[in-house]
Amino acid sequence: MEKYKDKKLKNQVLARFIKKFLSESSWEYVQDCNTFMMMVADETLENKKQHKGNTCKNRFCPICSWKKARKEALALAIQMEYIKDTYNKDFIFLTLTTPNVKAEELHDEIREYNHAFQKLVKRKEVQSIVKGYIRKLEVTYNQDRDDYNPHFHVLIAVNKSYFTDKRYYISQSRWLELWQQVTKNPLITNVHVQKVRTNSKKEVAELAKYSAKDSDYLANEKVFDAFYKGLKGKQLIVYSGLFKESNKLFKDGELDYYKEQDPTEYIYALLYHWGKGNYVEDEKRLLTETEHKEINKDLIHEMDIEEE
Ligand SMILES: [Zn+2]
């Protein structure tokens, strides 16, 4: 419940900052997001999960984006499994960045990034190793310097032979060189690339997280405005090649056989509403027979991810 409280408090900060950008009715959805929720719990009341609640689905909402990231993390982990099993691929994780920019340059800088990335994947040596990728845009804010760092996290499916075949392998220094060329920016000093280990929770979380941390974009109203304008209309996540296929299969439920069944037996329903700065429990009751059947033995649809 602490987590929900924390996210709802941040949602209220967002509601203040975002008001000027939204129509009255869209704004009310944000303001009222998750004001009512139904949790279900097992006998000990230790294991709980949210069963129902009202949502706003705003891309900046700390509650909605937290839930979305947990779902996306599982989706990514499953798609990697599927691609590994079906196509016998391995993965590399690439982080592409450029020097920080000021608020007013953010919008254009992101557009430049997209162009540069398109050029990068069209380079012959890159094209020949990439069997599919997921590209995620992330923007961080540096409070001390009051500037912004847009960067890409890219998960790339490659042949297993990629790491040993000298004709195809791209070293870190070569990735850096390529990124400098396509951005036309020789000042870039840092490109990070690594092989993704089988237990890839860290990289999965990195990709699944929302494109901006709420602790960053809610720093103050000026910073929020910069994030809002910078990310407006931008495509944040892109699927390509094998990942495009796996993403479609996942969405159609065709990869559900990778999901595990939730072993918890839920027997209680807990109903809350958002009061003055905290969730207030209105009712605790046993689940009805219909609810019990509907809620139990369900598949697990999300994955825990660390947030800093
Ligand atoms: Zn929301």
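How many residue pairs are in polar contact between domain 1 and domain 2? In this predicted model, the count is five residue pairs, both members being at pLDDT 80 or more. By class, the side of domain 1 that touches domain 2 comprises seven nonpolar, one polar and five charged residues. Salt bridges between domain 1 and domain 2 number four. A salt bridge links Lys7 with Asp214, where the closest N and O atoms are 2.9 Å apart.

The division of the protein assigns residues 2-48 + 260-295 to domain 1 and residues 66-258 to domain 2. A distance of 31 Å separates the C-alpha centres of domain 1 and domain 2. The contact draws on 13 residues from domain 1 and 11 residues from domain 2. About 1200 Å² is buried between the two domains, with 70% of that area on carbon and sulfur atoms. On the side of domain 1, the residues that lose the most area to domain 2 are Lys7, Phe17 and Phe21, which together account for 45% of what that side buries.

A zinc ion is also present in the model, coordinated by the SG atoms of Cys33, Cys56, Cys61 and Cys64 at 2.3 to 2.4 Å. Along the chain, the donors of the zinc ion follow the spacing C-x22-C-x4-C-x2-C. The angles among the four donor atoms run from 102 to 114 degrees, and the site of the zinc ion is tetrahedral. For four tetrahedral donors, the ideal angle at a metal is 109.5 degrees.

Notes:
Residues are numbered from 1 along each chain as its sequence is written. This is a predicted model: local features need pLDDT of at least 70, side-chain atom pairs count only at pLDDT 80 or more; totals for chains, interfaces and linings use all residues. Side-chain values use heavy atoms; hydrogens and water are left out. Domain bounds come from an automatic or database domain assignment. Contact means heavy atoms within 4.5 Å. Buried area is the accessible area (1.4 Å probe) that two parts lose on being put together, summed over both. A salt bridge is a side-chain nitrogen of Lys or Arg within 4 Å of a carboxyl oxygen of Asp or Glu. A polar contact is a pair of N or O atoms within 3.5 Å; within protein, one must be able to donate a hydrogen and the other to accept it, and residues adjacent in sequence count only if both atoms are side-chain atoms. Ala, Val, Leu, Ile, Met, Phe, Trp, Tyr, Cys and Pro count as nonpolar, Asp, Glu, Lys and Arg as charged, and the others, Gly among them, as polar. Donors are N, O and S atoms within 2.8 Å of the metal (3.2 Å for Na, K and Ca); water is not among the atoms, so sites may look incomplete. Four donors count as tetrahedral if all angles lie between 85 and 135 degrees; four count as square planar and six as octahedral if opposite donors are over 155 degrees apart and all others between 65 and 115; anything else is irregular.
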